[in-house]
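Biologist: Hi, I have a few quick questions about this one. Can you put it up on the screen?
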Amino acid sequence: VQLQASGGGLVQAGGSLRLSCVASGRIFRINVMGWYRQAPGKQRELVARVTSDGNTNYADSVKGRFTISRDNAQNTVYLQMNSLKPEDTAVYYCNSILFSDFTRPDVYWGQGTQVTVSS
């Protein structure tokens with residue numbers, strides 16, 4: 001199973017970016033897809049996640065600015081980031097909890113994509 005993230009880049013404060021992440025490989029069922037981020041010198045933190053039935057969770061710091069969505073048919077998760085702030089600068093990691101067989105779910109991580117917001 002691989003998670004391939006894309007869409008990061010450099011943007012000015014107040015701008016927008018859209019991240020995408022595609023899961024591929026031996027996948028039986030995807031329970032959760034989401035995004036985490038890690039800024040220099042800080043721990044990795046949850047940004048947003050969405051379950052297979054569409055329930056979402058957001059970090060308080062991004063509520064009202066970021067929107068997570070999911071295309072179950074394409075095994076893809078998106079993160080629309082609006083009104084970006086310099087403090088959103090971080091490496092963003094795609095995450096998924098999925099079944100690759102009938103036994104138990106495992107956690108998978110993408111390679112990370114850099115988001116830099118200039119002031």
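Modeller: One term before we start: buried means under 20% relative accessible area, exposed means over 50%, and partly exposed is in between (1.4 Å probe, protein chains only). This is a predicted model, where local features need pLDDT of at least 70, side-chain atom pairs count only at pLDDT 80 or more, and totals for chains, interfaces and linings use all residues. Residues are numbered from 1 along each chain as its sequence is written, and side-chain values use heavy atoms, with hydrogens and water left out.

Biologist: Is Cys94 buried or exposed?
Modeller: Cys94 is buried, at a relative accessible area of 0%.

Biologist: Which residue does Cys94 form a disulfide with?
Modeller: With Cys21; the two sulfur atoms are 2.0 Å apart. The rule for a disulfide is cysteine sulfur atoms within 2.5 Å. By this rule the count is one disulfide.

Biologist: What does the pair tie together?
Modeller: Parts that are 73 residues apart in sequence, because Cys21 lies in strand S3 (residues 17-24) and Cys94 in strand S9. Strands are DSSP runs (E, at least two residues), numbered from the N terminus. Cys21 is buried too, with a relative accessible area of 0%.

Biologist: And what is the angle about the S-S bond?
Modeller: It is -85°, and the link of Cys21 and Cys94 is left-handed.

Biologist: New topic. Where is Ser96?
Modeller: Ser96 is in strand S9, which covers residues 90-99. Ser96 counts as buried, at 0% relative accessibility.

Biologist: What does its side chain reach?
Modeller: The Ser96 side chain reaches the backbone oxygen of Val32, at 3.1 Å. Ser96 is also in contact (heavy atoms within 4.5 Å) with residues beyond four places in sequence, including Leu3, Ile30, Met33 and Tyr108.

Biologist: Now the rings. How many aromatic pairs are there?
Modeller: The structure holds one. Tyr36 and Trp109 are edge-to-face, 5.0 Å centre to centre, with 70° between the planes. Rings of Phe, Tyr and Trp (its six-membered ring) pair if their centres lie within 6.5 Å; planes under 30 degrees apart are stacked, over 60 edge-to-face, the rest tilted.

Biologist: Last one. Which ring does the charged end of Arg18 sit over?
Modeller: The ring of Tyr78, 4.1 Å from its centre. The rule is NZ of Lys or CZ of Arg within 6 Å of the ring centre and within 35 degrees of the ring normal. Arg44 lies over the face of Tyr93, at 3.7 Å from the ring centre.

Methods. Helices (H or I, at least four residues) and strands (E, at least two) are DSSP runs, numbered from the N terminus. A polar contact is a pair of N or O atoms within 3.5 Å; within protein, one must be able to donate a hydrogen and the other to accept it, and residues adjacent in sequence count only if both atoms are side-chain atoms.
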